[in-house]
Every structure is written in structure tokens, then in C-alpha cells.
Amino acid sequence: MSIFSRHGSSRDDDRREPVQPEPAAAESVAPETAAAQPVAPEPVAAEPVTSVPDENDPPVTAEPPLPAEEVSTSDEPDELSTSDEPDEPSTADDPDEPSDPAEADEPLLASPVPAPVPTEERPVLDLGPAAPAEAAEPVDVRPVTHEDPTPPDVRREPAASTPQLPALDDAEVLAAAEGRHAHPHALLGEHTVDGVTVVRVVRPLAGSVSVTGASGEPVVLEHHAHGLWQGVAPAPLGGYQVTAEYDGGAPWVADDPYRFSPTVGDLDLYLFGEGRHEQLWTVLGSHVREHEGVRGTSFAVWAPHAQAVRVVGDLNGWWGDRHAMRRLDDNGVWELFVPGVDQGSYKYQILTPDGEWVERADPMARRAEVPPATASVITEAGHDWADDAWLERRAATDQHAGPMSVYELHVGSWKPGLGFRELADPLVDYVTALGFTHVEFMPLAQHPFGGSWGYQVTGYYAPQSTWGSPDDLRYLIDRLHQAGIGVIVDWVPGHFPKDEWALGRFDGRSVYEHSDPRRGEQPDWGTYVFNFGDSQVRNFLVANALYWFEEFHVDGLRVDAVASMLYLDYSRNDGEWLPNEHGGREATEAISFLQETNATAYRRHPGIVMIAEESTSWPGVSRPTSEGGLGFGLKWNMGWMHDTLDYVEKDPLYRSYHHGEITFSFHYAWSENFMLPISHDEVVYGKGSLFEKMPGDDWQKRANLRAYLAYMWGHPGKQLLFMGSEFGQPTEWSQELGLDWSVLDRPQHQQVFDLVSRLNQVYKSESALWAHDFDTEGFEWIDGGAGEQSVVAFLRKSGSGDSLAVLANFSGQPQRMRFGLPEAGTWDEVLNTDATIYGGSGVGNFGAVTAVDSPWAGRPASADVQLPPLGVVWLKLRR
């Protein structure tokens with residue numbers, strides 16, 4: 001038993017080896033090197049005359065010929081792989097290897113097909129369970145001919161001294177021929193048996209088969225049974241090509257996937273078994289690479305309960321029997337290297353413990369087909385990054401201690417029709433004009449249903465293909481960085497949808513989700529919940545967070561729906577949830593996962609930021625894990641958002657009775673590192689736009705909106721504003737319709753845009769507004785009790801002597817009031833939301849007020865200030 005059954009998994013259900021025949025004990029894998037011969041023209045499929053497939057048998061194809069330009073013709077033996085590409089381990093003496101074969105009724109026959117099947121025409125298979133092998137007699141599938149079908153150039157009589165070929169178990173041969181062998185490399189490919197080199201390949205319906213190694217001399221193979229051919233080579237082949245001939249067709253030459261050593265190394269398997277592989281995406285999934293001197297694509301997938309796994313796709317006409325994968329360890333990692341393939345769509349066909357074949361997209365795929373298509377896509381990264389200066393500056397900077405003003409947007413509806421690459425120029429120009437320091441994209445990972453806005457993810461490692469390729473997204477982020485704009489991405493590790501082709505019941509059993517629906521299902525959204533107690537599931541998610549930082553250079557992740565992860569009884573009634581090991585409602589496994597994710601992300605990528613959307617009073621969300629916190633850098637202040645919106649939605653006439661709603665947040669403003677969010681959630685589902693929430697006529701709505709935004713920018717904490725709110729969009733957001741850009745042609749909405757630009761300009765230049773967001777050193781009350789006047793006044797301080805006074809009048813009348821200030825002198829009016837340039841009435845202080853040495857409210861100086869109706873004034877002492 002390997003180390004993987006003892007380490008790295010807390011799964012309670014079985015993770016067993018599939019039921020498969022044991023490889024012959026006498027065989028061991030010989031070192032193999034690659035060589036190739038020129039590719040012959042593509043053949044025409046032969047018609048067998050010895051037997052006719054049953055009418056209920058599905059049509060079968062074989063892989064297309066290897067393109068000539070991708071065939072190695074080197075005469076030199078290739079270097080064997082080292083630790084990352086070990087030789088295939090022998091399983092002949094493994095006492096834990098099961099011996100019962102997975103059996104079938106009849107062998108699955110195959111014939112070559114010249115081209116892949118288009119996505120919309122892929123055959124729909126009934127991949128049901130196979131019947132026992134005892135029900136079928138071995139069938140010689142070679143066509144009957146009146147002449148020797150072997151081509152003259154390879155036709156030979158076997159020498160009298162040819163060694164006897166070893167006996168093979170018929171059930172094992174049948175399993176390999178049908179692509180349901182868990183260890184196909186142990187039977188197929190080149191092997192040394194009692195000092196003799198034996199080669200075996202599967203070519204159903206072929207009339208003759210030979211292999212040609214580095215010497216250039218073909219070795220004729222004999223048909224054994226079920227389409228399996230074998231023969232003896234005079235010496236190790238040093239890599240080889242397979243030539244098959246079919247009745248009436250040209251020779252078909254192809255490389256053999258079963259002659260290659262694994263592309264997944266022992267260290268990779270160990271780290272994944274421990275749940276500690278921090279670059280898991282470099283191991284699992286599909287990867288175009290040169291392996292043992294041959295270019296091709298490696299496939300690796302985790303399917304712990306599978307009996308067999310096959311790759312199916314454009315590489316084989318969507319019939320996977322020719323590309324069965326091998327199981328590498330007890331944890332259930334399956335792998336196959338397919339030479340000559342570097343593009344195309346694919347899925348995995350998985351034989352479940354119940355004996356049914358199911359098709360699944362690759363959980364680690366880095367690209368996916370455009371919905372409604374669901375297959376994964378082979379991809380290579382080709383973008384040349386030009387943001388080195390940004391990354392160096394980021395690594396030396398603490399984003400939490402600097403200005404952070406975030407523009408949240410949805411890629412598909414910001415300007416409908418623009419993809420990642422097309423979005424780059426207009427978005428960079430727009431955000432630069434507004435002055436935001438960051439953008440926050442709603443989820444970018446692959447999601448099949450646009451109406452989910454990306455919050456029901458099926459492909460965690462693939463950017464949404466509707467909007468472009470992975471390199472298109474890299475280009476967009478690169479352009480933002482070059483313009484000095486940071487990038488935050490929404491990340492959804494709490495739950496995933498139940499689409500049958502995706503993660504749910506991946507290999508016929510619960511793999512990514514908890515097996516008990518009281519832990520494994522989210523009733524609010526009809527989704528599955530990840531099994532955070534499983535080491536490999538946690539590894540999948542932690543590595544995914546790192547993937548977005550490393551492969552796409554994002555500067556932060558906002559973790560969605562954290563509250564649903566923290567509580568086992570979240571949205572569940574009594575009897576619908578399971579207590580933790582201590583009998584409580586706290587989700588200890590999810591808590592541990594969040595701590596691990598945050599600690600690992602900050603360790604590997606200094607300068608990034610992790611943000612929690614957490615709506616409860618859970619303590620320590622933004623405290624370090626070393627202090628028992630969850631380890632986030634920032635937490636959304638949902639209480640501030642609800643209280644302040646409730647307040648400003650009221651008619652100004654009644655606000656004096658609700659003064660506590662606008663000031664309550666100051667009682668807990670420094671209990672966490674808060675971000676103040678006006679997000680997409682506040683402008684959908686009948687809630688109306690931020691503009692619509694405001695009371696009064698259109699002028700009053702805009703005045704209220706301007707005052708609210710200035711109050712928000714002055715409040716301790718970072719800011720986030722959803723797209724459309726920056727220009728006062730009248731209608732709520734629609735994912736299908738996008739933003740109403742036409743209103744920017746109206747001066748009054750352009751003036752709201754101009755105010756937001758000015759807010760960001762002053763905000764970034766005044767350290768008093770952000771240097772001490774998370775401690776009381778950056779804040780003092782001027783007057784927090786003027787409820788009858790609906791006035792709120794406070795100081796923001798830089799810690800180095802500079803102060804900025806924020807004076808907000810939420811009443812509908814102008815008011816002249818005296819305020820205590822820390823110093824006498826001229827205080828410039830650096831912002832007035834009622835200025836005429838922003839569409840206001842022009843009530844103000846002619847640009848400045850003078851504070852005199854006259855104590856007021858415990859302060860040494862004071863000044864009379866004219867407050868505009870529904871307006872906010874910012875004052876700064878002139879030095």
C-alpha cells in the first residue's frame with residue numbers, strides 16, 4: 001500500500017483501486033526512448049468481412065493520423081525523464097492489486113475516421129455497463145482475405161528461433177481493447193519479458209500491424225485477440241511508430257500513447273496526496289508539452305472512485321476506447337500522454353463504481369468551450385506580460401494601508417458585445433478618467449448560465465470563454481496594470497452548480513461535494529457545497545486562488561458568500577444540518593480552509609489583498625490567522641451599507657428621527673478592516689438603482705446621491721462602487737441590457753460623473769482619508785449629535801499633522817453652523833457637492849472659511865460654515 005492511503009485525505013468513503021486484472025508478474029517496463037518514421041497518407045476505412053457488428057453496437061472511430069510535421073524523426077535516443085517524469089512503476093508484485101476483471105459482452109471494434117466530429121454533431125452514446133466477459137468467446141477480428149494482407153515490404157516469415165510470446169489473460173486483453181483497463185500501460189506498449197522485447201498495440205479491424213523503431217526495421221505483429229496485436233523485437237526499439245493497414249486502404253502510421261512514461265512525478269503525487277500542491281494546475285488538467293522528445297498533450301485527472309478513465313474528444317473522433325488512462329496512485333490520479341496532439345476539445349469518460357460510463361469536463365481545464373457547449377479545450381499560454389514594474393511595486397507596497405477606491409463591474413454587461421481584449425482600451429480610459437485605484441470584476445471563471453453573473457462556476461481554472469481566450473484576459477489585466485489600475489476578481493469557493501457534466505458526483509460518487517446533503521448542499525441556491533474536510537478538495541481550491549494570482553497577475557480576490565461557509569446551519573432549519581465535532585454550528589473545516597487559503601496567498605504573493613464578503617458579526621474576519629482570525633485583509637461592511645441606505649432613502653423631513661442609522665457604523669468602524677460596498681447586490685431584483693433609491697424629484701435625487709457618495713468617501717474604510725452609480729443611472733442594472741450609457745449625454749448625469757472623479761482625485765492626494773482607515777488615530781468627532789439638523793461632522797487625520805473636515809448636511813435646507821476645529825487659520829473648501837459644476841445650487845463658502853482662536857465644543861478654534869442643502873463640504877487647513 002502506498003503512502004497515499006495513509007496521508008492527505010480525510011474522506012470516509014472508499015477510495016479503492018478499480019476492479020481490473022493483475023498484470024503478468026513476469027513483465028516489467030523497459031526504458032523507452034522516442035523515434036518516429038514519416039507518416040503515410042491517411043487510409044480509407046476497411047470493411048471487415050469476417051464478422052458484422054451487432055446493430056446495437058455504437059459506431060466507433062479511431063484517432064486520425066498523426067500530422068507529419070509533428071512526428072519526430074530523430075535517430076538519437078531521447079533522455080529519460082527525471083523526477084518529474086518517472087518511469088512507470090511496476091504493479092506486478094503489488095499484493096493490493098485487485099484481480100477481478102471488469103468484463104464486457106463483446107469487444108468494441110474500431111475503424112479509422114479521417115476527421116473529428118464537430119461539437120454540434122458529436123454522437124450521443126448509451127455508455128451503459130458492460131456484461132461479463134464469460135458471455136463472449138474471443139473473436140479474431142481480422143478480415144478474411146485470399147491473399148496475405150501484409151505489405152510486401154514488411155511481410156516476413158517468423159524465424160524458427162523467435163521466442164514464444166507470453167500467455168495473456170483474455171479478460172485483461174478485452175479490458176485493454178475496450179479502453180476500460182485501469183493500468184493499460186502494464187499490458188500495452190513496449191515491455192521486456194524474460195529478456196525479450198515484446199510490443200503490444202490495439203488496432204481493431206486492421207489487416208496487418210507492424211512497429212518501426214529507431215533502427216528503421218519494421219517488426220511485424222501478430223493478432224492475439226479482440227484487436228490486440230503483439231510481436232517480438234530483436235532489441236529494444238528506442239521509441240517506435242505503429243503502422244496499420246486496413247483492407248483497401250493506405251497504411252496508417254501513428255505514434256503510440258502507451259510507450260511513454262508518466263508525465264506526473266512522484267513528488268507531485270505525494271504533494272497532492274498531502275493536499276499541499278500549491279501549483280496543482282501545472283500537474284492536473286491538459287498540458288501541451290514535449291515529453292521524451294515528442295510534442296503532444298498530457299492529460300491528468302483526479303477520479304478516486306473510477307474503475308477506468310478515458311480521454312475522448314477531437315483527438316479521437318469522440319470515441320475514447322483508444323485512449324484509456326492509467327491510474328497512478330491510491331488517491332485516484334489518472335494520466336495519459338497523447339503524442340501529436342496540441343489542440344482541440346475533450347472530456348473524460350469515466351467508468352463509475354456502478355459500471356456506467358459518464359462524461360465530464362476537466363475540473364482543471366484552463367480553457368472551455370463557449371456555452372452552451374460544455375467540453376474542455378487544450379490551450380497554451382502565449383501572452384508576453386509587460387507589467388513587471390507594477391508587480392515589483394505591488395510586492396513592496398501594502399495595499400491595505402494605501403488608498404483603495406474600487407470600481408466594480410460585470411464584463412458581459414459593462415458594454416455588451418465587448419470581450420476581454422476589446423474591453424481593454426475603453427475600460428482603461430474610463431477608469432482612468434474616474435480616478436479609481438482598482439477595478440473589481442464579478443466572477444471571471446467559466447459559468448454556463450449568464451444569469452448567474454458568474455456565481456455558479458463549473459470551470460474554476462478557465463476564464464469565461466464567452467468573453468475570450470485566457471490570453472485575452474491576460475491582455476486586459478496587463479493593460480490595466482500598465483495604466484496603474486489594480487485588479488480584484490470575485491472568487492466563489494463556497495458552492496458550485498449541479499450540472500451533470502461538471503464537478504457534481506464527478507466519478508459516480510461525491511468527490512468535490514460532501515456526501516451528506518446536510519453538509520453537501522446549499523438550499524438557498526440549489527447548489528453543492530465543497531467538502532472542505534477533504535485534503536484534495538482543499539488543495540483544488542487553495543491552488544485555484546493561487547492560480548489567479550500567478551497566471552493572471554490579479555491583485556486581490558473578493559471571496560463570495562463567506563457567511564454561508566462559516567455556519568453549518570446557514571439557511572437550514574433544525575434537523576437539516578449536522579453539528580461539528582464539538583456539537584456546535586461553526587463550520588470548523590471551512591474555517592480552516594479559509595485560514596489556509598489566506599495565509600498561503602499572502603505568503604506567496606506579498607502585496608495582494610484578500611477580501612471577505614461576510615455579512616454577520618463573526619469576530620476576527622480580517623485578523624491574522626496567527627491571532628485566531630480568518631486571515632482576510634479586508635471585510636465588506638454590510639452593516640454600514642444597510643444602515644446608510646435605509647437612512648438616505650427616507651425623506652429629509654424624517655431623517656432627524658433616524659440619526660442613529662447614519663452614525664451607528666462609527667461604533668464598530670475599527671473592529672475589522674472594512675471596505676464600504678455599494679455593490680451589484682444593491683441595484684438588482686427590484687431594489688432600484690442608487691439614483692432611484694433617493695427621495696424627491698430628479699434634482700433632489702442627484703443632490704442626495706452626490707451627498708451620499710461624498711459621505712461614503714469621507715467615512716473610514718475603503719470604497720467600492722458598482723458600475724452605473726458613478727453617473728446616476730436611473731434604472732437598476734440588467735445583465736442582459738447593460739448600462740444606460742445614453743444618459744451621459746445629459747449634463748446633469750455627466751456632472752455626477754465629474755463629482756466622482758473629483759472625489760477620487762482628492763481622496764488619493766489626501767492621506768488623511770486613508771492612512772488610518774483601520775484605527776482610531778485617523779478619526780475624531782466634530783459633531784456627531786446634531787440629529788435635529790441631520791448633520792454629521794468629523795475629522796479624518798493622517799497621523800502626520802494633516803486633517804480634513806467632513807461636514808455633511810442631509811436635511812433639505814441650507815444651514816449655517818459653527819464647528820470646532822483643531823487649528824485657527826484658513827480652511828480651504830476642497831470639495832462641495834452643491835457646487836454648480838456638479839449640478840448643485842451653488843450654496844457654499846466661496847472656496848474657504850476662516851477659523852479663529854475661539855474655543856468651541858472642546859476645540860481651540862472654530863469657524864462658521866455654510867452647509868448647502870443635501871450637500872457635503874470637505875475642508876482642509878491651508879499650510
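Which elements do the buried residues of α11 pack against? They pack against β27 (634-636), α12, β28 (674-678), α13 (690-693) and α14, where helices (H or I, at least four residues) and strands (E, at least two) are DSSP runs numbered from the N terminus. Before selecting anything, note that this is a predicted model, in which local features need pLDDT of at least 70, side-chain atom pairs count only at pLDDT 80 or more, and totals for chains, interfaces and linings use all residues. Residues are numbered from 1 along each chain as its sequence is written, and side-chain values use heavy atoms, with hydrogens and water left out.

Select α11 to begin: its buried residues include Trp-640, Met-641 and Leu-645, where buried means under 20% relative accessible area, exposed over 50%, and partly exposed in between (1.4 Å probe, protein chains only).

Next, select helix α14 (residues 698-714), whose end C-alpha atoms are 24 Å apart, in agreement with the 24 Å that its 17 residues should span at 1.5 Å a residue; this expected span is 1.5 Å times one less than the number of residues. Because 14 of the 17 residues of α14 are buried, the helix is largely enclosed by the rest of the structure.

Now move to Tyr-657, which is in the loop between α11 (638-648) and α12 (659-663) and counts as exposed because its relative accessibility is 66%.

Finally, select Gln-735, in the loop between β29 (718-722) and α15 (747-765), which at 19% relative accessibility counts as buried.

Definitions and conventions: Contact means heavy atoms within 4.5 Å.
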